[in-house]
Amino acid sequence: MQARGLVKRYGSREALRGIDLTAGPGELVAIIGPNGAGKTTVLSILAGILAPDAGEVRVPEGGVGWVPQQAALYRRLTVEENLLLFARLEGHGDPRASTEEMLSLTGLGERRGEVVARLSGGNQQRVNIAIGLLSRPLVLLLDEPSVGLDPRQRARLWEFVSGLAERGTTVIFSTHDIQEAERYGRRVLVLADGESLFDGSAEELREAVRREAPESADSDFETAFVAYLHHRGH
Amino acid sequence: MRWLLLKDLQILRRSPLQAVLLVAYPVLIALLVGFAISRDPEKPRVAFLNEVPSGSRVSVGDRQLPAAGVNDRVCARVECVRVGSREEAVERVEDGDVLAALILPEDLVDQINSLSTLTPGTPKVEVLVNEEDPVKAQLVDERITTLLAQANLAIARRIAVEGGRYLELLIEGGPFRVGGFTVQVLGLRTAARILTALDPALPPGPLRTSLREVIRFADGARDNLDVAGPLIERLTQPIEVKKEVIDGSAPPLEIFAISVAATLTLAFVIVLLVAGSLALEREENAFPRLTRGLVSPAALLAEKVLLGVAVGLVVTLSMLAGLEIFVSLQWDRFALWLLAILGGGAALGAAGAALGAAAREVRAVSLLAFMVTLPVAFLSLLPSGALGAGLFDLVEIATGLFPFKPALEAMTAALDSAGGGIGLPLLHLAALTAAYGLLARFALRRFAAV
């Protein structure tokens with residue numbers, strides 16, 4: 001997936017100012033930044049929900065799966081009914097087989113008959129991701145997927161997502177948790193106020209933080225990262 | 001679209017309260033309307049004291065009028081509470097046990113009978129009122145005024161008939177009973193004939209001239225009094241009503257009531273369902289996922305309107321079938337019913353979609369739907385003449401912008417042939433469907449905002 005020079009304006013405010021992003025097969029890319037940095041806007045443009053005011057996006061054949069920040073599900077339907085509905089809307093040849101496959105892949109087989117509203121936040125997110133994966137996309141976009149999950153649910157989520165990447169799916173996710181980005185992102189894109197400040201590996205980001213905010217070198221990474229953003233004028 | 005429709009029906013099934021309300025509400029309306037149109041209006045509770053001696057009859061001249069059945073007549077129009085004395089009547093009115101008391105005094109018939117004598121009296125009845133409830137007080141006023149007007153009219157007619165008989169006697173002559181004796185009245189016609197026969201027997205001169213003047217007077221009086229009879233009869237009803245329908249044709253009241261109930265049901269069910277289910281797509285965050293290549297916004301709107309029309313059709317037809325218990329409906333006009341429900345449903349659904357797209361949250365949408373539908377329905381039922389001309393024109397424009405009024409017109413036309421043509425309301429509804437559809441499509445753009 002490739003995006004070049006993405007610009008998005010809301011009235012007079014520029015939400016994105018020329019963002020570039022590329023991601024290869026099986027790559028896990030984390031987009032981090034403070035609130036209002038433009039993370040969701042980038043993902044929405046990559047998903048085709050929003051049109052950029054400038055720039056271009058190249059999507060690989062096979063499509064892009066999108067998992068929005070808040071679960072986009074029908075809470076009064078069961079897990080199985082949700083999956084079946086979206087499989088039918090996507091025009092799958094055998095929607096029941098696709099549903100079975102996703103239930104198996106996400107480990108939700110035993111909860112298939114449960115109404116989504118009664119599931120835990122973690123399981124709702126798994127259903128949310130399963131719907132995003134129904135079309136077997138080459139690229140999966142996850143918008144802050146771990147928000148609201150407890151540590152155990154978060155661990156299960158990342159285990160599942162890492163497994164997808166290992167099987168060749170390109171995963172691009174946004175988070176404002178620097179440690180999560182460092183731990184799971186093979187590449188990290190730092191955004192602040194619509195600008196791209198950094199694009200590289202987590203190790204390279206640590207090096208950049210040490211270099212540009214040396215006074216915070218002894219602090220934890222999150223504190224040092226905040227100092228780094230401050231040094232860059234954000 | 002069918003999968004979305006199936007999904008919405010599944011959601012509806014999983015929301016028992018919503019489903020029950022959707023079915024129970026129209027059934028309740030149907031029962032209320034049926035009950036209201038199959039029952040007489042409530043009668044005001046009135047204390048009634050009739051002090052007129054039994055057997056008293058109103059008489060005019062030597063004729064007695066038939067017994068009036070006053071007690072039955074009064075009690076047919078009000079709920080009578082018989083009392084034994086004026087004091088009891090006053091006490092009941094003061095206590096609020098009754099809204100009013102009607103007292104017919106002992107001398108009422110004598111006073112009425114005195115009207116045809118040389119010393120006419122003034123017959124009076126006494127009405128004591130408790131006006132703590134202005135609506136019921138007005139009802140009492142109207143009922144008692146009507147009763148008295150009917151009594152006055154009956155007596156006046158009888159007097160007019162008797163007056164006519166006296167005139168006839170004066171003109172044509174004949175027997176007249178007075179004080180137990182029968183007197184033979186000569187009559188103007190016979191008097192003139194006798195005088196005319198005497199004329200040749202008199203010599204020319206002043207006596208003959210005077211006789212001829214008397215003959216002319218008798219002829220003139222006879223001819224002019226001929227028209228006095230019909231004139232006296234007209235006095236009882238000097239103004240005759242000639243009713244001519246200039247515009248519109250009114251269906252029977254019960255059909256109009258059913259039409260109102262059916263349209264109200266259709267409006268509430270469809271507007272609430274369409275607006276709510278559309279707002280639910282936003283609330284569940286499903287809208288961006290759906291419109292990301294799976295369903296177009298226009299198709300989503302069409303699906304919601306279709307859902308509303310389908311549910312509205314089932315509920316409204318069930319309600320009409322339920323009302324059949326109270327009123328006989330013309331089932332041979334079923335095709336027109338369908339047209340009215342589908343046309344009205346589509347426009348109401350489009351309006352619901354516009355509301356749902358504008359408000360976006362289910363709770364806000366429900367509130368908005370009620371806040372819009374209820375006053376519009378109320379204003380749509382105002383008859384012309386109920387407001388000033390300018391204000392009524394404004395109301396006409398406002399109600400014309402919402403589908404309730406044309407849907408009501410279409411429904412009334414469909415239920416009864418006297419309800420007017422269905423073509424124009426359907427055309428109006430089609431225009432509103434298109435307008436609200438566009439409005440909803442425009443408002444849906446806000447749904448996509450991240």
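**Close-up 1. Strands β1(B) and β4(B) run side by side in this predicted model.** Here β1 (residues 45–50) and β4 (residues 79–82) of chain B pair in the parallel sense, held together by four bridges. For a handy landmark, look for Ala47(B), which sits opposite Val81(B) in β4(B).

**Close-up 2. On to the pairing of β1(B) with β5(B).** β1(B) also pairs with β5 (residues 100–104) of chain B, again in the parallel sense, and this time over five bridges. To get your bearings, find Phe48(B): its bridge partner in β5(B) is Leu102(B).

Close-up 3. The antiparallel part of the pairing is where β5(B) meets β6(B), over four bridges. Ala101(B) marks the spot, standing opposite Leu128(B) in β6(B).

**Close-up 4. Elsewhere in chain B, helix α9 packs against helix α15.** The helices in question are α9 (residues 253–283) and α15 (residues 404–415) of chain B, with axes 9 Å apart and an angle of about 135° between them. That angle makes α9(B) oblique to α15(B). The crossing of α9(B) past α15(B) is right-handed. Among the residues that α9(B) brings to the contact are Ile255(B), Phe256(B), Ile258(B) and Leu266(B); those from α15(B) include Phe404(B), Leu408(B), Met411(B) and Leu415(B). In all, the residues of this contact come out as twelve nonpolar, three polar and no charged.

**Close-up 5. Over in chain A, three strands form an open sheet in the order β2-β1-β4.** The pairing in this sheet is antiparallel. Its edge strands are β2 (13–22) and β4 (54–58) of chain A, each pairing on one side only. Neighbouring strands are turned by 25° against each other on average, direction ignored. Four bridges join β1 (residues 2–10) of chain A to β4(A), with Gln2(A) partnering Arg58(A). Helix α1(A) lies across β1, β2 and β4 of chain A, running at about 120° to β1(A).

**Close-up 6. This is where chain A meets chain B.** The contact involves 22 residues of chain A and 16 residues of chain B. On the chain A side, the elements giving two or more residues are α1 (39–47) and α2 (79–89) of chain A. That side of chain A divides into twelve nonpolar, five polar and five charged residues. For the complex, the predictor gives an ipTM of 0.76 and a pTM of 0.70.

**Close-up 7. Finally, the prediction's confidence along chain B.** The average pLDDT of chain B is 82, and 88% of the residues score at least 70. Confidence in chain B is lowest in strand β3 (residues 63–64), at a mean of 68, and highest in helix α16 (residues 423–443), at 94.

Notes. Residues are numbered from 1 along each chain as its sequence is written. Chains are lettered from A and ligands numbered from 1 in the order in which they are written. This is a predicted model: local features need pLDDT of at least 70, side-chain atom pairs count only at pLDDT 80 or more; totals for chains, interfaces and linings use all residues. Axes are lines fitted to C-alpha atoms, for helices over the stretch in contact, and angles run from 0 to 180 degrees between N-to-C directions. Angles under 35 degrees count as roughly parallel, over 145 as roughly antiparallel, 65 to 115 as roughly perpendicular and the rest as oblique. A crossing is left-handed if the near helix is turned anticlockwise from the far one by less than a right angle, and right-handed if clockwise. Two residues are in contact if their C-beta atoms, placed from the backbone, lie within 7 Å. Ala, Val, Leu, Ile, Met, Phe, Trp, Tyr, Cys and Pro count as nonpolar, Asp, Glu, Lys and Arg as charged, and the others, Gly among them, as polar. Two strands pair if DSSP finds at least two bridges between them. pLDDT is the predictor's confidence in each residue, from 0 to 100.
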